Amino acid sequence: MTASSNSHPGVNIIPIHGKTPRIHDTAFVAPGCTIIGDVEIGAGSSIWYNCVLRADVFTIRIGERTNVQDGSILHCDPPRPDDPEGCPLVIGNDVLIGHMAMVHGCTIHDRGFVGLGAIAMNKSVIASDSMLAAGAMLTERKVMGERELWAGRPAKKLKDLSDAAIAGMGMGTAHYAENAKHHAKAVKDAFGR
């Protein structure tokens, strides 16, 4: 599962501190992305154009069938004397992260949703089937409950999500998983690999 730029044309894959990104063979990483250090990307996940995943100081773990959309930035913080656990970035399965999101040292549980341009900060938690709205800022250590919509800067709970809203998030995740297959073929054709 260790990655190379040969298997991901147009992607900057950079080992650091003895750690090399590990990308599942079925994951799609688009050209223009930079993946650094102790990153793990699970089966069927997709990292879209011009994202930066920088695990130079701690770990980034991404589950299966998760998508990180164009221009998003993912980072973490290391353990420190006053914070021995540090702030790894842990993202579950079937998560949808919208364009230009900034996700830093937080936890996103399975089927969580991060809207366009939203920010999730250290030790914050996005629960399963919850949505952080577009442009929202989930500040440090804030914990969303399951099936909740939070919005604003700083983000606060607006309401509980309906079954229809949760089904819609699932459809978005399925769309990206399928669309990634088409982009993987297009990239292979464009780069001749």
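Colleague: Leaving aside its neighbours within four places in sequence, which residues is Ser-46 in contact with?

Modeller: Phe-28, Thr-66, Asn-67, Val-68, Tyr-176 and Ala-180. Contact here means heavy atoms within 4.5 Å. Bear in mind that this is a predicted model, where local features need pLDDT of at least 70, side-chain atom pairs count only at pLDDT 80 or more, and totals for chains, interfaces and linings use all residues. Residues are numbered from 1 along each chain as its sequence is written, and side-chain values use heavy atoms, with hydrogens and water left out.

Colleague: Why does Ser-46 count as buried?

Modeller: Its relative accessibility is 1%. Buried means under 20% relative accessible area, exposed over 50% and partly exposed in between, using a 1.4 Å probe and protein chains only, so Ser-46 is buried.

Colleague: And what makes the link between the side chains of Ser-46 and Trp-48 a polar contact?

Modeller: The distance is 2.8 Å. The term asks for a pair of N or O atoms within 3.5 Å; within protein, one must be able to donate a hydrogen and the other to accept it, and residues adjacent in sequence count only if both atoms are side-chain atoms.

Colleague: Where is Ser-46 found?

Modeller: In strand 5. Strands (E, at least two residues) and helices (H or I, at least four) are DSSP runs, numbered from the N terminus.

Colleague: Why is strand 4 described as largely enclosed by the rest of the structure?

Modeller: Because seven of its eight residues are buried. Strand 4 also has parallel links: three bridges to strand 1, two to strand 2 and seven to strand 6. Among the facing residues, Asn-12 stands opposite Thr-34, while Ile-36 has Arg-54 as its bridge partner in strand 6.

Colleague: How do you know that the span of helix 1 is close to the expected one?

Modeller: Helix 1 has 29 residues and reaches 42 Å from its first C-alpha to its last. The expected span is 1.5 Å times one less than the number of residues, which gives 42 Å here. Its buried residues, including Tyr-176 and Ala-180, pack against strands 3, 5, 7, 10, 13 and 16.

Colleague: Why is Arg-111 called partly exposed?

Modeller: Its relative accessible area is 37%, so Arg-111 falls in the middle class. Arg-111 lies in the loop between strand 12 and strand 13, and its phi is near 65°, a positive value in a residue other than glycine. Asn-50, in the loop between strand 5 and strand 6, also has a phi near 65°. Most residues other than glycine have a negative phi, and most peptide bonds are trans.

Colleague: What is omega for the peptide bond from Arg-153 to Pro-154?

Modeller: Near 0°, and the bond is cis. Pro-154 lies in the loop between strand 18 and strand 19.

Conventions: Two strands pair if DSSP finds at least two bridges between them.
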